[in-house]
Amino acid sequence: MKSQDIKPRVPQDEHIVENKELNIWEALIPVFALVGMLAYNVYTFGEDALSGSNQFILLMGGAVAAIVGVFNKVKFEQMIEEVAENIKSTASSILILLMVGALAGTWLISGIIPTMIYYGLQVLNPTIFLAACVIICSIISVATGSSWTTSATVGIALIGIAEALGVPLGMTAGAILSGAYFGDKISPMSDTTNLAPAMAGTDLFTHIRYMLITTVPTIIVTLIVFVIIGLNLEPKGTADTHEILQSIESAINVSPWLFVVPIIVIILIVKKTSPLIALLFGTILGGIAALIFQPNIVVAIGGGTTLDFTTGYKGIMNAITSDTFIPTENEALKGLFKAGGMAKMMGTIWLIICAMTFGGIMDGIGALTTISKALLKLFHTTFGLFASTVASCLALNLTASDQYLAIVVPGKMYAKAFKNKGLAPENLSRTLEDSGTVTSVLVPWNTCGAYQSGVLGVDTLHYAGYAIFNWLSPFTTLLFAALKIKIKELAKK
């Protein structure tokens with residue numbers, strides 16, 4: 001997908017709870033309550049809303065859903081069971097988040113990330129930077145099948161380069177995610193690229209070929225927009241590039257050999273190694289590289305005077321688990337030369353658990369199915385069917401807080417409707433990807449939005465408007481449906 005790159009349980013086997021006692025207005029009560037509470041909370045706390053108050057609001061939304069469920073004869077035990085299943089499904093996501101934090105720590109003190117920034121500043125200039133971010137991340141995500149791995153490796157480095165160049169971080173994160181989700185969406189190795197056709201009833205490569213019809217124009221428009229933005233960008237940091245390069249050289253031992261570590265990690269992902277294992281391996285390699293290339297930094301972080309086993313161990317473990325930094329006199333680099341380790345990811349993990357609680361209760365009381373069925377009944381034309389599918393995917397990304405459910409539930413609910421309309425299943429699989437896969441990252445409390453915001457260090461609301469590929473994709477699929485472009489019908493027997 002998103003790819004979350006994880007399969008703690010088989011998404012195709014996801015059980016869809018139905019509750020005939022629950023009508024659409026009752027199913028929407030928790031949604032309206034959540035949106036209202038979140039809106040006021042964000043208004044009150046601003047950027048600090050994700051520091052804890054939004055997490056509690058998600059629990060309050062879950063409480064409202066539980067009350068609705070009790071009034072509709074749903075046992076509290078059933079709701080808690082669905083919550084447990086939802087949280088269980090995020091186990092690999094949580095471990096990946098912790099490992100990303102660990103990897104960022106060892107890649108910082110080893111000089112890997114600073115070296116990426118060093119060479120990146122010499123190759124990339126502000127005019128082409130945003131478009132280059134899209135292209136680079138597209139290539140990496142096609143190769144790995146993973147937007148999560150892409151942002152955790154080259155994405156972090158590109159954010160660092162943007163900060164040094166003075167390019168707005170919201171724009172940069174939007175460009176990174178546009179490229180990352182383009183590759184994630186069409187790569188045969190992506191789990192959502194495999195999940196969508198499985199739900200719709202078509203095969204993988206038919207799905208990919210048909211998806212290119214809407215995906216290629218969308219990424220072209222995205223690139224054009226970022227080129228235009230780049231041509232009109234006047235960053236503050238351009239003139240300081242030479243000084244920054246000198247400061248990096250004085251702070252660390254810059255070496256192209258450090259690129260071996262991220263290359264190995266990408267090769268492991270391409271070879272279909274579990275992302276969790278690849279990131280763990282990358283973390284260990286980063287620690288070894290730190291001992292070889294930056295022994296003085298390891299000694300300083302380890303609190304010793306000379307490099308020995310104890311000092312080296314403490315230095316690496318401190319980088320993996322907690323706040324760490326590389327000393328520098330350059331003010332522009334101080335923000336880049338620090339990492340939070342695994343501890344930095346705890347806020348994101350907290351958000352995911354609370355979001356899964358709300359989504360689990362909504363699923364447990366049958367609200368997700370009720371909302372999808374109601375949307376299906378609203379439309380009777382071919383375009384209406386596409387619009388209903390898009391609306392369902394968006395609604396589930398908002399309410400279920402999980403990308404998989406945004407594909408699985410509409411996929412199961414709409415497969416028969418598309419068949420009855422005489423439409424080939426690849427129409428449905430394409431629409432699921434165009435609206436379910438890519439929009440998950442635009443929702444702050446969705447697992448994807450929480451992950452990407454935590455990894456890139458940019459608030460979801462700051463990058464959402466610039467994640468052009470992600471929000472443009474649903475409009476593209478609706479435009480093609482409205483104009484009846486490449487809407488394949490079932491072969492008549």
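At what angle do helix H10 and helix H21 pack, and how far apart are their axes? Helix H10 (residues 204–231) and helix H21 (residues 425–437) pack at about 55°, with their axes 9 Å apart. This is a predicted model, so to speak: local features need pLDDT of at least 70, side-chain atom pairs count only at pLDDT 80 or more, and totals for chains, interfaces and linings use all residues. Residues are numbered from 1 along each chain as its sequence is written, and side-chain values use heavy atoms, with hydrogens and water left out.

**Helix pairs**

- H10 and H21 are oblique to each other (angles under 35 degrees count as roughly parallel, over 145 as roughly antiparallel, 65 to 115 as roughly perpendicular and the rest as oblique).
- Axes here are lines fitted to C-alpha atoms, for helices over the stretch in contact, and angles run from 0 to 180 degrees between N-to-C directions.
- Helices (H or I, at least four residues) and strands (E, at least two) are DSSP runs, numbered from the N terminus.
- On the H10 side, Thr206, His207, Tyr210, Met211, Ile213, Thr214 and Thr215 meet Glu426, Asn427, Ser429, Arg430, Glu433 and Asp434 of H21 (contact means heavy atoms within 4.5 Å).
- That contact of H10 with H21 has 3 nonpolar, 6 polar and 4 charged residues (Ala, Val, Leu, Ile, Met, Phe, Trp, Tyr, Cys and Pro count as nonpolar, Asp, Glu, Lys and Arg as charged, and the others, Gly among them, as polar).
- Helix H8 (residues 169–186) and helix H24 (residues 468–482) cross at roughly 55°, and their axes come within 7 Å.
- H8 is therefore oblique to H24.
- Leu177, Ser178, Tyr181, Phe182 and Lys185 of H8 touch Ile468, Phe469, Asn470 and Ser473 of H24, a contact with 5 nonpolar, 3 polar and 1 charged residues.

**Pocket and cavity**

- The largest pocket has a volume of about 510 Å³ (a pocket is an open set of points on a 1 Å grid over the protein atoms alone, with protein on both sides within 12 Å along at least five of seven lines; a cavity is a set where a 1.4 Å probe fits but cannot get out; lining residues have an atom within 4 Å of a point).
- Volume is the space filled by probe spheres set on the points, which are joined across faces, edges and corners.
- Of the 24 residues lining this pocket, Gly335, Leu336, Lys338, Ala339 and Lys344 lie nearest its centre.
- The second largest cavity holds about 30 Å³, and helix H18 (367–378) and helix H19 (382–399) each supply at least two residues of its lining.
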